[in-house]
Amino acid sequence: MRLFEIAYPDENDNDMVEILTEEEVLKSYYDAWCSRMREIGKESEINKESCIEDWMIVHWATEIRVPI
């Protein structure tokens, strides 16, 4: 299971950290991302890994490496 971390300020400007699974990222982002990719004529680039990479860029996310 892949994990991703995003950090952002809350309403009081305190640092907040959220950890999401790959499944959570795809559930919240994949459909809208696919629609946008189709709108701009990039159907050939639609895949789950590209979606996650785009989500990471948009949210300044990092992948958390968990030791086995």
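Biologist: Which elements cover the buried residues of α2?

Modeller: In this predicted model, the cover of those residues includes β1 (3-9), β2 (15-21), α1 (22-39) and β3 (62-64).

Biologist: Which residues of α2 are buried?

Modeller: They are Cys51, Ile52, Trp55 and Met56. Viewed down the axis of α2, these buried residues fall within an arc of 135 degrees, so they line one face of the helix.

Biologist: What general idea lies behind such a pattern?

Modeller: An α-helix has 3.6 residues a turn, so residues three or four places apart point the same way.

Biologist: What is found at the start of α2, and what just after α2?

Modeller: At the start, a side-chain oxygen of Asn47 comes to within 3.1 Å of the backbone nitrogen of Glu49. Just after the helix, Trp60 adopts a positive phi of about 50 degrees.

Biologist: How many disulfides are there?

Modeller: The rule to apply is that two cysteine sulfur atoms must lie within 2.5 Å of each other. By this rule the count is zero. Cys34 is in no disulfide, and its nearest cysteine sulfur, that of Cys51, is 6.3 Å away.

Biologist: Is Cys34 buried or exposed, and is Cys51 buried or exposed?

Modeller: The cut-off for buried is under 20% relative accessible area. Cys34 counts as buried because its relative accessibility is 4%. Cys51 has 0% relative accessibility and therefore also counts as buried.

Biologist: Where is Glu22 found, and which residues does Glu22 touch?

Modeller: Glu22 is found in helix α1. Leaving aside residues up to four places away in sequence, Glu22 touches Arg2, Phe4 and Ile52. With a relative accessibility of 19%, Glu22 counts as buried. Ile52, one of the residues it touches, is among the buried residues of α2.

Biologist: In what sense do β1 and β2 pair, and how many bridges join β1 to β3?

Modeller: β1 and β2 pair in the antiparallel sense over seven bridges; in β2, Glu18 is the bridge partner of Ile6. Their hairpin has five residues between the strands, and Asp13 there takes a positive phi near 65 degrees. β1 and β3 also run antiparallel, joined by three bridges, and Leu3 stands opposite Ile64 in β3.

How values were computed
Residues numbered from 1 in each chain as written. Predicted model: local features only at pLDDT ≥ 70, side-chain atom pairs only at ≥ 80, totals over all residues. Heavy atoms only, no water. Buried < 20%, exposed > 50% of the residue type's maximum accessible area, 1.4 Å probe, protein only. Helix = DSSP H or I, 4+ residues; strand = E, 2+ residues; numbered from the N terminus. Arc of directions from axis to C-beta. Contact = heavy atoms within 4.5 Å. Polar contact = N/O pair within 3.5 Å; in protein donor to acceptor, adjacent residues only side chain to side chain. Pairing = 2+ DSSP bridges.
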